Amino acid sequence: MKIFDKKYFKIVILFALCFILALTNESFLKISNIMNVLRQAAVLVVLGLGMTLVVISRGIDLSVAGVMSLSACFCATLLNMGIATPLSIAITLLIGVVFGFTNGVLTGYIGLPAFVATYGMSYIANGFSLILMNGNILYGFPDSFLFLGTGFVLGVVPVMVIYTLVLVFLFYVLLSRTNFGKQVYCVGANPQTSMYSGIKTKRILVMTFISSGVCASIAGIMLASRMNAAQSGIGDQYQMLAVAAVVMGGTSMSGGEGGIPGTVVGALILILIVNGMNLLGISSLAQSLVNGLVIVASVVLDMYVKNKSTGSINIEKSEKTKKAG
């Protein structure tokens, strides 16, 4: 196994991080802390699933935090109005569909840069949540809703982890075992060639953004359920973490490369870093600095590993050419 192979490099980092945290703090390996880490990671993993599709298709979705916040606030409002939990969740998911569809149309059909379109939509989503909440905080949700974020199966496994694993499996199959997934990779690798080969690139972009929007809505619902509260801006901290998890997991910002397993590993690394800082008593003010450094470092590592892999391939090709000559 090559340590600088992108398939294994992040896994090595994950295990090394777990080893260091276990040595530096005896509370790290406690079941309660591990379950807490998994529940925190579940929200980021779900948010990263849709983002992975967007980034592979050579885009970026900066509206996920806004959609996440709006979804949490909207679902909380519906629940406080007495609407049943399943119906409240179903209606809330439409927010992700609408914002995702709009992002896809703006980027795919109108031609706006993804950065500009999704950043603008993030402000719109945050504006709606501010108007909806009017500075208030909603809490005290039904037990059926709280069970999604705080419940356990057999008293050990968090419910959040179970349905997150189901979503991970579904997205993995979607991306790696379907024609749609293959087309997403093709569009990210070379949009023009994909279009000439008959792939409806604009439709693919719309679908990837809808996936990201729905995942953002699910993440918002999960967070509101876990915290038993909702307020405007509740998802702000997850905006760049979602991008960092995807990139740290090996998905290239230049498109056409990456996958769901890597995003899961990237999300776990980021959550473990935050958890480790909390266990070590590092100030929350310093945590923002560390998160920023991690995001920059993840991009630098991605470029380094990619260049190293490309260099190895070129050397092998050159040696084969010499032998053939």
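**Close-up views of a predicted model**

**View 1. Ser-225 is a buried residue.** Ser-225 has 0% relative accessibility and therefore counts as buried; buried means under 20% relative accessible area, exposed over 50%, and partly exposed in between, with a 1.4 Å probe and protein chains only. This is a predicted model, in which local features need pLDDT of at least 70, side-chain atom pairs count only at pLDDT 80 or more, and totals for chains, interfaces and linings use all residues. Residues are numbered from 1 along each chain as its sequence is written, and side-chain values use heavy atoms, leaving out hydrogens and water. Ser-225 sits in helix α10 (residues 201-227); helices are DSSP runs of H or I with at least four residues, numbered from the N terminus. Leaving aside residues up to four places away in sequence, Ser-225 touches Phe-145, Leu-146, Leu-148, Gly-149 and Thr-150, where contact means heavy atoms within 4.5 Å.

**View 2. Helix α2 has a kink at Leu-49.** The 26 residues of α2 (residues 31-56) should span 38 Å, and the 35 Å between its end C-alpha atoms agrees; the expected span is 1.5 Å times one less than the number of residues. The kink is about 30 degrees, the bend being the angle between axes fitted to the seven residues ending at a residue and the seven starting there. In α2, 21 of the 26 residues are buried. Arg-58, with a positive phi near 75 degrees, follows the helix.

**View 3. Cys-73 lies too far from Cys-75 for a bond.** With disulfides taken as pairs of cysteine sulfur atoms within 2.5 Å, the count is 0. Cys-73 is buried at 0% relative accessible area, while Cys-186 is partly exposed at 36%.

Technical notes: Helices (H or I, at least four residues) and strands (E, at least two) are DSSP runs, numbered from the N terminus.
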